[in-house]
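Hi,

Here is the structure I said I would pass on to you. Please have a look at it first; my notes on what turned up follow below.

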Amino acid sequence: MDVVFKTEQGRFNYRVAGVLMQDGHVLIHKNVDDTFWALPGGRVKISEESQIGLQREFQEELGMNVQIERLLWSVENFFEYNGTHFHEIGFYYQVTTNYDYEINTKPFYGMEGERLIYKWIPISQLDEVELYPEFLKSEIKDIPYYPKHIVVKE
């Protein structure tokens, strides 16, 4: 069971995401019905460590084994999506993989069918993409040496 619950005021999410970079590109994804992109990842399950949850998400969504390099950001994210107020706690990790892939900037589907679209985007073009949370556009260009705590309020 995912760590998510609903109240009259909104929804709480516990999410993990991975920053996978290769050859000046970063991997992003989006729901086919959305206009915006995010980093790959998903919800953590009850009693699951965040790093294990992120590895599980990459395996489920892309069939890819990733290694967790380090925590980059802990994020308190407050936003509205489809008319619902969200309070999301997120851990964003730098990840690597030994998976043999070719950087291709054309969108592609993952292992879960046509629900999610993935794309490698040049880091230099992040400002041209609707990417949330928005702090990622600048932070990915200048990865911190130490983990940062970030609060995002719309």
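**What turned up**

The second largest pocket holds about 180 Å³ of space. Please keep in mind throughout that this is a predicted model. That pocket is lined by 13 residues, and those nearest its centre are Leu62, Tyr99, Tyr101, Phe108 and Trp120. By class, its lining splits into 9 nonpolar, 2 polar and 2 charged residues.

Several elements supply at least two lining residues each, among them strand E2 (11-22), strand E3 (25-31), helix H1 (50-62) and strand E6 (84-97). Strand E5 (66-81) belongs to that group too, and E5 gives the largest share, 5 residues.

**The chain as a whole**

To place those elements, here is the overall layout. The chain has 2 helices and 9 strands. Read from the N terminus, the order is β-β-β-β-α-β-β-β-β-α-β. Along the principal axes, the C-alpha atoms fill a box of roughly 45 × 35 × 30 Å. A compact globule of 154 residues would have a radius of gyration near 15 Å, and the chain agrees with this because its own value is 15 Å.

Of the 154 residues, 46% are buried. Among contacts with a separation of 6 or more, 66% are between residues 24 or more positions apart.

**Salt bridges**

Side chains of opposite charge can pair when their charged atoms come close. How many salt bridges does a search of the whole structure find? The search gives 7, and these are the ones I would look at.

Arg56 takes part in two that I noted. One joins the side chain of Arg56 to that of Glu48, at 2.8 Å from N to O. The other joins Arg56 to Glu57, where the closest N and O atoms are 3.1 Å apart. Are these residues buried or exposed? Arg56 has 16% relative accessibility, so it counts as buried. Glu48 is also buried, because its relative accessible area is 16%. Glu57 is buried as well, with 8%.

Away from that group, Lys141 and Asp127 meet through their side chains in a salt bridge of 2.7 Å, N to O. Lys141 sits in the loop between helix H2 (135-139) and strand E9 (148-153), while Asp127 sits in the loop between E8 and H2, so the pair ties together parts that are 14 residues apart in sequence. Lys141 is partly exposed, at 38% relative accessible area. Asp127 counts as exposed, because its relative accessibility is 52% and the cut-off for exposed is over 50%. Coming back to Arg56, salt bridges with shared partners join Glu48, Arg56, Glu57 and Glu60 into one network.

**A buried serine**

Helix H1 also contains Ser50. At 11% relative accessibility, Ser50 counts as buried because the limit is under 20%. Which residues does Ser50 touch, leaving out those up to four places away in sequence? They are Tyr14, Val16, Val44, Phe91 and Tyr93.

**Backbone points to check**

Most residues other than glycine have a negative phi, and most peptide bonds are trans.

- Pro133 is in the loop between E8 and H2.
- Asp23 lies in the loop between E2 and E3 and counts as exposed, at 61% relative accessibility.
- Asn82 belongs to the loop between E5 and E6 and is exposed, with a relative accessible area of 67%.

Happy to go through any of this with you.

Best wishes

Technical notes. Residues are numbered from 1 along each chain as its sequence is written. This is a predicted model: local features need pLDDT of at least 70, side-chain atom pairs count only at pLDDT 80 or more; totals for chains, interfaces and linings use all residues. Side-chain values use heavy atoms; hydrogens and water are left out. Helices (H or I, at least four residues) and strands (E, at least two) are DSSP runs, numbered from the N terminus. On a 1 Å grid over the protein atoms alone, a cavity is a set of points where a 1.4 Å probe fits but cannot get out, and a pocket is an open set with protein on both sides within 12 Å along at least five of seven lines; lining residues have an atom within 4 Å of a point. Grid points are joined across faces, edges and corners, and a volume is the space filled by probe spheres set on the points. Ala, Val, Leu, Ile, Met, Phe, Trp, Tyr, Cys and Pro count as nonpolar, Asp, Glu, Lys and Arg as charged, and the others, Gly among them, as polar. A salt bridge is a side-chain nitrogen of Lys or Arg within 4 Å of a carboxyl oxygen of Asp or Glu. Buried means under 20% relative accessible area, exposed over 50%, partly exposed in between (1.4 Å probe, protein chains only). Contact means heavy atoms within 4.5 Å. The radius of gyration is taken over C-alpha atoms; the globule rule is 2.2 Å times the number of residues to the power 0.38.
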